[in-house]
Amino acid sequence: MRKRISRKVVIIVAAAVIIAIIGVIGVNAAHSNGPVASAFNTVFRPFQSLNSKIVDMYESLYGYMYKYDTLVEENETLRKENTELKEGYLQYEEIVEENQRLKQLLDFRDHHEGYVFEQATLLSWGASNWSRTFTVNLGSENSEIAVGDCVITEAGTLVGLVTHVDGNASTVKSIIDTTFSASVDVGSGNTVTASGDFSLMSKGMLKISYLEEGTGIASGDSVVTSGKGGVFPQGLLIGYVDGLYSEAGNLSMYGSVRPAVDLNDILYVFVITDFNG
């Protein structure tokens, strides 16, 4: 666009110079007497008017070009400032979110003395259709993480168990993985087993099995770790009963459990590297 305008300016300036020269000649002729001067004035009077218009147009075009360059510079400055503001705002949001996570973790820790935590960032989810695992950025070289450690959110919700540790990363099987299993308390005083189930995994849920009639378990009941077996601390929330169904042959029932957090939304977790009994 600017190249085209520059060519036009060159043409206009050249024309203005030529007409200006003619105008000067015309002015000189206007101060002369005789038929030649009179004829010259008659012929070139329109050009003198055109010369004045071209000069005015050139001045307007020059003003437009000056304003255009100024606006381009101002726009570029504003764009840079806008980018910096956005980056600053994103950093501010990250700081606010991290502070909120740490406040929730401190509140959880206040009610669970003897727990030792390490914060981790979720790096990726496993690609297998037969399991549901994820990788975190803690390993043997940068933390005290070990196989069998529980992985929770800042609110103390259980989301998985460490199954493999490398130098700077570790694998965690989530609570909906088909190999996950834990002793849990459901409702009021019902201790059952929660485990991963392939058919429910695709729905983002896990299963509580071998429920007897009259247990009083109902949809919406909380599912928390019982602490039995020593692998999981007692009282970690897993999720809530989503529905109750009859097993094959109607000999017993099972329930589907929806995790308390959407696992797909997890970005940061905390690994319990030690806990008191």
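## A buried aspartate to start with

D197 counts as buried, at 16% relative accessibility. Here, buried means under 20% relative accessible area, exposed means over 50%, and partly exposed lies in between (1.4 Å probe, protein chains only). The side chain of D197 meets that of K207 in a salt bridge, at 3.8 Å from N to O. The term salt bridge stands for a side-chain nitrogen of Lys or Arg within 4 Å of a carboxyl oxygen of Asp or Glu. K207 lies in strand β8 and D197 in the loop between β7 and α3 (198-201), so the pair ties together parts that are ten residues apart in sequence. K207 is buried too, with a relative accessible area of 15%.

A word on what you are looking at: this is a predicted model, in which local features need pLDDT of at least 70 and side-chain atom pairs count only at pLDDT 80 or more, while totals for chains, interfaces and linings use all residues. Residues are numbered from 1 along each chain as its sequence is written, and side-chain values use heavy atoms, with hydrogens and water left out.

## The chain as a whole

The secondary structure comes to three helices and twelve strands. Helices (H or I, at least four residues) and strands (E, at least two) are DSSP runs, numbered from the N terminus. Of the 277 residues of the chain, 34% count as buried.

The chain exposes about 16800 Å², and carbon and sulfur atoms supply 54% of that area. Accessible areas come from the Shrake-Rupley method with a 1.4 Å probe; for residues, only the protein chains shown count as cover.

## Strands side by side

Five of the six residues of strand β8 (residues 206-211) are buried, so this strand is largely enclosed by the rest of the structure. Strand β7 (residues 190-195) pairs with β8 in the antiparallel sense over three bridges, and S195 stands opposite K207 in β8. Two strands pair if DSSP finds at least two bridges between them. Four bridges also join β8 to strand β11 (residues 253-259), again antiparallel; there, L206 stands opposite V257.

Elsewhere, six bridges join strand β1 (residues 116-125) to strand β12 (residues 268-274), which run antiparallel. V116 stands opposite D274 in that pairing. Strand β2 (residues 133-136) pairs with β1 in the antiparallel sense over three bridges, with F134 as the bridge partner of W125.

## The nonpolar core

The largest nonpolar core has 43 residues, and those with the most contacts inside it are L158, V184 and I208. Such a core is a set of buried Ala, Val, Leu, Ile, Met, Phe, Trp, Tyr and Cys residues joined through side-chain atoms within 4.5 Å. Leaving aside residues up to four places away in sequence, V184 touches several residues, including V192, I208, V224 and I238. Contact means heavy atoms within 4.5 Å.

## Two further salt bridges

The structure holds three salt bridges. One of them joins R258 and D242, whose closest N and O atoms are 3.4 Å apart. This pair links distant parts of the chain, with R258 in strand β11 and D242 in strand β10 (residues 237-246), 16 residues apart.

R79 and E76 also meet through their side chains in a salt bridge (2.8 Å, N to O). Both lie in helix α2, three residues apart, about one turn of the helix. R79 is partly exposed at 44% relative accessibility, and E76 is partly exposed at 35%.
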